[in-house]
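Dear colleague,

I am handing over the structure we spoke about, and it is shown just below. After it you will find my notes, with the cut-offs given where each term comes up.

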Amino acid sequence: MKNFPVQHEGKTYWIARNTAVTCFVFAPIDGEWCILANKRGKNAPDYQGYWNCPCGYLEGDETGPQGCMRETYEDTGVNSPEDMFKLVGVATDPKVDKNVTLRYTVVINYGEMS
């Protein structure tokens, strides 16, 4: 998609690709590594009912780790400090990825999940 301007109330706003975050949350449970996943809800724009990792779009005032912390909590109810999220990849190919996506991992202690 090419960036394009939109006029609204005498101002020009540019429409462009969004920045998304994907959060891969790992936890050792009973000696095995597990990954936190959730099912996409009926109001999701696509893939309703499919399993996925916590994900979503960055708000205008957030860093990548802050967005991951918020999305993980919103999607699963699990809190993890933002400084624990580590950037592991960035997807930017517009032929493959609709959005620019920041991919993060975090390792949590299962006993500390809240």
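A contact here means heavy atoms within 4.5 Å. On that basis, among contacts in the protein chain between residues at least 6 apart in sequence, 45% join residues at least 24 apart.

Please bear in mind that this is a predicted model, in which local features need pLDDT of at least 70 and side-chain atom pairs count only at pLDDT 80 or more, while totals for chains, interfaces and linings use all residues. Residues are numbered from 1 along each chain as its sequence is written, and side-chain values use heavy atoms, with hydrogens and water left out.

The protein chain has 1 helix and 9 strands, where helices (H or I, at least four residues) and strands (E, at least two) are DSSP runs numbered from the N terminus. Along the sequence they follow the pattern β-β-β-β-β-β-β-α-β-β, and the C-alpha atoms fill a box of roughly 60 × 30 × 25 Å, taken along the principal axes. Of the 114 residues, 30% count as buried; buried means under 20% relative accessible area, exposed over 50%, and partly exposed in between, with a 1.4 Å probe and protein chains only.

Helix H1 covers residues 64-76. The buried residues of H1 are Gly 64, Pro 65, Gly 67, Cys 68, Arg 70, Glu 71 and Thr 72, and what covers them includes strand S3 (19-29), strand S7 (55-57) and strand S9 (100-107). Arg 70 counts as buried because its relative accessibility is 18%; not counting residues up to four places away in sequence, Arg 70 touches Tyr 57, Leu 58, Glu 59 and Glu 62. Just after H1, Gly 77 takes a positive phi of about 85°.

As for aromatic rings, the structure holds 1 pair. The ring centres of Tyr 47 and Tyr 50 lie 5.6 Å apart with the planes at 85°, so this pair is edge-to-face; rings of Phe, Tyr and Trp (its six-membered ring) pair if their centres lie within 6.5 Å, and planes under 30 degrees apart count as stacked, over 60 as edge-to-face and the rest as tilted. Both Tyr 47 and Tyr 50 are exposed.
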